[in-house]
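Work through the exercises below with the model open beside you. Try each task before you read its solution.

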Amino acid sequence: FQDIPVYEEIQCQVYMVLTDTSSCRWVQSIGPKVEARALARCSRRWRCILGRLRATASLLRRLCTGAICPAVADLEAMQRESWAEAPAWPGGSPPGLGAAGAQPEEAPAQAE
């Protein structure tokens, strides 16, 4: 596993905010290969997530009230524009704790 997928990092950042936790461990497994990495809560990433959530909620409110009824192509452009107003996703690796993350390890053998 090279990188933590952005959608999974977003999920971890949301869980940390919801549970008021400063860090968590992202775990990925495929067959016998298991990798775990420590992630720290990131205020810059959270500002991006929160900005996009607010923009999406605002757009949904306008749609649900009937204030707007755009064509699909227009709706996509409206979402893109509203997200552009939110803080940008920070570049680089996600914030970890200490080392860059745990090395891949083999999963324990299952009992027969």
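Predicted model: local features only at pLDDT ≥ 70, side-chain atom pairs only at ≥ 80, totals over all residues.

Residues are numbered from 1 along each chain as its sequence is written, and side-chain values use heavy atoms, with hydrogens and water left out.

**Exercise 1. The core**

Find the residues that make up the largest nonpolar core.

Solution. Start with the rule: a nonpolar core is a set of buried Ala, Val, Leu, Ile, Met, Phe, Trp, Tyr and Cys residues joined through side-chain atoms within 4.5 Å. Buried means under 20% relative accessible area, exposed over 50%, and partly exposed in between (1.4 Å probe, protein chains only). The largest such core has five residues: Ile4, Cys12, Met16, Trp26 and Leu39. Next, look around Trp26. Its contacts (heavy atoms within 4.5 Å), leaving aside neighbours within four places in sequence, include Ile4, Cys12 and Leu39. Trp26 also contacts Glu8, Glu35 and Arg37, among others.

**Exercise 2. A charged pair**

Which residue forms a salt bridge with Glu9?

Solution. A salt bridge is a side-chain nitrogen of Lys or Arg within 4 Å of a carboxyl oxygen of Asp or Glu. That rule gives four salt bridges. For Glu9 the partner is Arg45, with the closest N and O atoms 2.4 Å apart. The pair links distant parts of the chain: Arg45 is in helix α2 (residues 43–64), Glu9 in helix α1, 36 residues apart. Helices here are DSSP runs (H or I, at least four residues), as are strands (E, at least two), numbered from the N terminus. Now check burial. Glu9 has a relative accessible area of 3%, so Glu9 is buried. Arg45 is buried too, at 3%.

**Exercise 3. A pair within one helix**

Why are Glu76 and Arg80 separated by about one helical turn?

Solution. Glu76 and Arg80 are four residues apart in helix α3, which means about one helical turn between them. They form a salt bridge, with the closest N and O atoms 3.4 Å apart. Glu76 is partly exposed at 48% relative accessibility. Arg80 is exposed at 52%.

**Exercise 4. A leucine**

Is Leu75 buried or partly exposed?

Solution. Locate Leu75 in helix α3 (residues 72–84). Its relative accessibility is 30%, so Leu75 counts as partly exposed. Then list its contacts. Beyond four places in sequence, Leu75 touches Leu59, Leu63 and Pro70. Leu59 is 16 residues from Leu75 in sequence, and their C-alpha atoms are 9.1 Å apart.
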